[in-house]
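Here is a short report on the structure below. Please keep it in view while reading.

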Amino acid sequence: MNMLSGKTALITGASRGIGAATAKLFGDHGAAVAVNYANSESAANGVVQEIVNAGGKAFAVKADVSDPAQIEKMIAVTNRELGNIDILILNAGFSFPTVPFVQYQWEDFERKLTNELKAAFTCCKVVVPQMIEKKSGCIVAVSSSLSRQPGPGYVAHSTAKSGLDAFARSLALELGPEGIRVNVVAPGLTETDATSHIPDEIKQMMAQHLPLQRNAQPDDIAGAILMMASDQSKFITGAYVPVSGGSPMI
Ligand SMILES: NC(=O)c1ccc[n+]([C@@H]2O[C@H](COP(=O)([O-])OP(=O)(O)OC[C@H]3O[C@@H](n4cnc5c(N)ncnc54)[C@H](OP(=O)(O)O)[C@@H]3O)[C@@H](O)[C@H]2O)c1
């Protein structure tokens, strides 16, 4: 249980869902964790409390990661509280309309693309120089199986996450010589607030089509993020890791 001992991790969108599960798992594995949130202050404090109660180190940091000024402040506060960042998890989930393309408005499409990419770009822009200085670091972008396997109504999400995949691959190539690894974890349908609106019958139908016959829980995704963030994957960079019960086979 010490895969991240001595490391400092910043996880965006860690008050709920996949980010919260990842923060708790990272805390269990010895990382000092910055738990970013935008609105859910008490949920973020709850995540921090769980980590601390289990003997770990964490603090909650409020920032809307669609705003570069708030990102800069979040990272400065994290540096002050926990030191330089070794592990950056780009996880915050930006909402989007799930309507057919013919009904999609450019403004909604643009907002999703801009938020997703601006958050990734700015977080990396601020954190990467710290990693270059240490000649080591690890970035994991939480994408989606929808970046490669589109679904009706998900044109903005699929396009944004494909952009995130390409961004991560580009950084992996450029930053490898600096000792920095960059990988993508791509969850399939995961039981979180973001998917609570999907009717149970639809979820069950989707699960039945998967080789593993169930949808993901947040800790399924957190486990894969931990693996990619730890030295267990020290020779892996530029990878796209589907965590989706075998969906790429169907
Ligand atoms: N659930 C799935 O089926 C699924 C599948 C594939 C990929 N993913 C990806 O996995 C990631 C996490 O999704 P999830 O299902 O865990 O979502 P979730 O349960 O809805 O949680 C979203 C998290 O993102 C935070 N967040 C939202 N907007 C933010 C902003 N502007 N700045 C900072 N934080 C912000 C929220 O914080 P507050 O509560 O404080 O606002 C919350 O902690 C997302 O990137 C999503 O696209 C999810």
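This is a predicted model: local features need pLDDT of at least 70, side-chain atom pairs count only at pLDDT 80 or more; totals for chains, interfaces and linings use all residues.

Residues are numbered from 1 along each chain as its sequence is written.

**The sheet**

An open sheet is formed by 7 strands, in the order β3-β2-β1-β4-β5-β6-β7. The pairing is parallel. Strands are DSSP runs of E with at least two residues, helices are runs of H or I with at least four, and both are numbered from the N terminus. Two strands pair if DSSP finds at least two bridges between them. β3 (57-62) and β7 (240-243) stand at the edges. Each has a single partner strand, so one side of each is left without a neighbour in the sheet. From one strand to the next, the twist averages 20°.

Helix α2 (residues 41-53) packs on the sheet. It touches β2 (32-37) and β3, and its direction makes about 170° with that of β3. Contact here means C-beta atoms, placed from the backbone, within 7 Å. Axes are lines fitted to C-alpha atoms, for helices over the stretch in contact; angles run from 0 to 180 degrees between N-to-C directions.

| Strand pair | Bridges | A bridge pair |
|---|---|---|
| β1 and β4 | 3 bridges | Ala9 and Ile87 |
| β5 and β6 | 6 bridges | Ala141 and Val184 |
| β6 and β7 | 4 bridges | Val184 and Tyr240 |

**Strand β6**

How many residues of strand β6 (residues 180-187) are buried? The count is 8 of the 8, so the strand is largely enclosed by the rest of the structure. A residue is buried if 20 or more other C-beta atoms, placed from the backbone, lie within 10 Å of its own, exposed if 12 or fewer, and partly exposed in between. Both faces of β6 are covered. Ile180, Val182, Val184 and Ala186 lie on one side; Arg181, Asn183, Val185 and Pro187 lie on the other.

β5, helix α5 (residues 155-175) and β6 make a right-handed β-α-β unit. Right-handed means that, with the strands pointing away from the viewer, the path from the first strand over the helix to the second runs clockwise.

**Two loop residues**

Lys135 lies in the loop between α4 (106-134) and β5 (137-142). Its phi is near 55°, a positive value in a residue other than glycine. Lys135 is exposed, with 10 other C-beta atoms within 10 Å.

Gln213 lies in the loop between α6 (200-208) and α7 (218-229). It is not a glycine, yet its phi is positive, about 65°. Gln213 counts as exposed, with 10 C-beta neighbours inside 10 Å.

Key: Two residues are in contact if their C-beta atoms, placed from the backbone, lie within 7 Å.
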